[in-house]
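Please keep the sequence and the 3D view open while reading.

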Amino acid sequence: MDAAKEGKLGPLKTAREEAADCTRCDLYKNATQTVFGEGGAKASVVFVGEQPGDREDIEGRPFVGPAGRLFDTILEETGIDRKKTYVTNAVKHFKFQSRGKRRIHSKPNAGEIRACRWWLGQELTMIQPDLAVALGATAVRALTGKALAVNTLRGSVVESAEGVPVFITVHPSSLLRIPDREARHTARERFAEDMRKVKTMMRKG
Ligand code: SF4
């Protein structure tokens, strides 16, 4: 714990190495590799997405696909210092269905979320952030253990099993799926507004 709080990866690095060999559910069988969280061991905020996508699975890093790039841009616009953040996913292996050469994202089920919760718990316990941000329904379920409605609770703060405050919002990938340009712009603004609220809740540093 001390090494982690001093800013060295310490126990987080050990957890990452152990997770590389995880077989707690079946998702490791078809994915390329475990995609563990990334960021500061003293992070003020932990962002939790759903699961790695195709790009993340190949690169072995979270939030490096199209949604991750959009997320980075919005964080930068809202003045959130990435060095004070940690990004991870509720489920750490890519779940997909093969269609020809394409791998289509498939939603993790309750059992997979529960199995992988152990790693998310490790990350939260070691980092002890001021705040966790649940990006979408899977993250909400992983953090709270409940299937809460994101649209109803968006912008509110609940509590994780570890007692960490959890701010609820949508996953940035949902912005990319909106076909209408104006509606997409409005949704992006709303997400940016959520990130500005998150910034006001960050205390460390
Ligand atoms: S998805 Fe999570 S619990 Fe399942 S094998 Fe991968 S790391 Fe382990």
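**Notes on the fold and the ligand site**

1. Helix α6 (residues 137–144) is mostly covered, since six of its eight residues are buried, where buried means that 20 or more other C-beta atoms, placed from the backbone, lie within 10 Å of the residue's own. Helices (H or I, at least four residues) and strands (E, at least two) are DSSP runs, numbered from the N terminus. The buried residues of α6 are T138, A139, V140, R141, A142 and L143, and their cover includes β2, α5, β6 (131–135), α7 (150–153) and β8 (165–169). After α6 comes G145, with a positive phi near 80 degrees.

2. Before going further, please bear in mind that this is a predicted model, in which local features need pLDDT of at least 70 and side-chain atom pairs count only at pLDDT 80 or more, while totals for chains, interfaces and linings use all residues. Residues are numbered from 1 along each chain as its sequence is written.

3. Six strands form an open sheet in the order β1-β3-β2-β6-β8-β7, with mixed pairing, and two strands count as paired if DSSP finds at least two bridges between them. Because β1 and β7 (157–159) each have a single partner strand, they stand at the edges, and one side of each is left without a neighbour in the sheet. Three bridges link β7 and β8 in the antiparallel sense, with V158 opposite V166 in β8.

4. Helix α6 packs on the sheet, touching β2, β6, β7 and β8, and its direction makes about 140 degrees with that of β6. Such angles run from 0 to 180 degrees between N-to-C directions, and the axes are lines fitted to C-alpha atoms, for helices over the stretch in contact; contact means that the C-beta atoms of two residues, placed from the backbone, lie within 7 Å.

5. How many of the residues of strand β3 (residues 85–89) are buried? Five of the five are, so β3 is largely enclosed by the rest of the structure. On one side T85, V87 and N89 are buried, and on the other Y86 and T88. In a regular strand the side chains alternate between the two faces of the sheet.

6. β3 is joined to strand β1 (residues 38–39) by two bridges, running antiparallel, and to strand β2 (residues 45–49) by five bridges, running parallel. V87 is the bridge partner of E38 and also of F47.

7. Around the ligand there are 15 residues, of which the closest are C22, R24, C25, H93 and C116; a residue is near a molecule if its C-beta atom, placed from the backbone, lies within 6 Å of it. Helix α5 (residues 110–127) gives the largest share of this shell, four residues.

Terms used. Buried ≥ 20, exposed ≤ 12 C-beta atoms within 10 Å, placed from the backbone.
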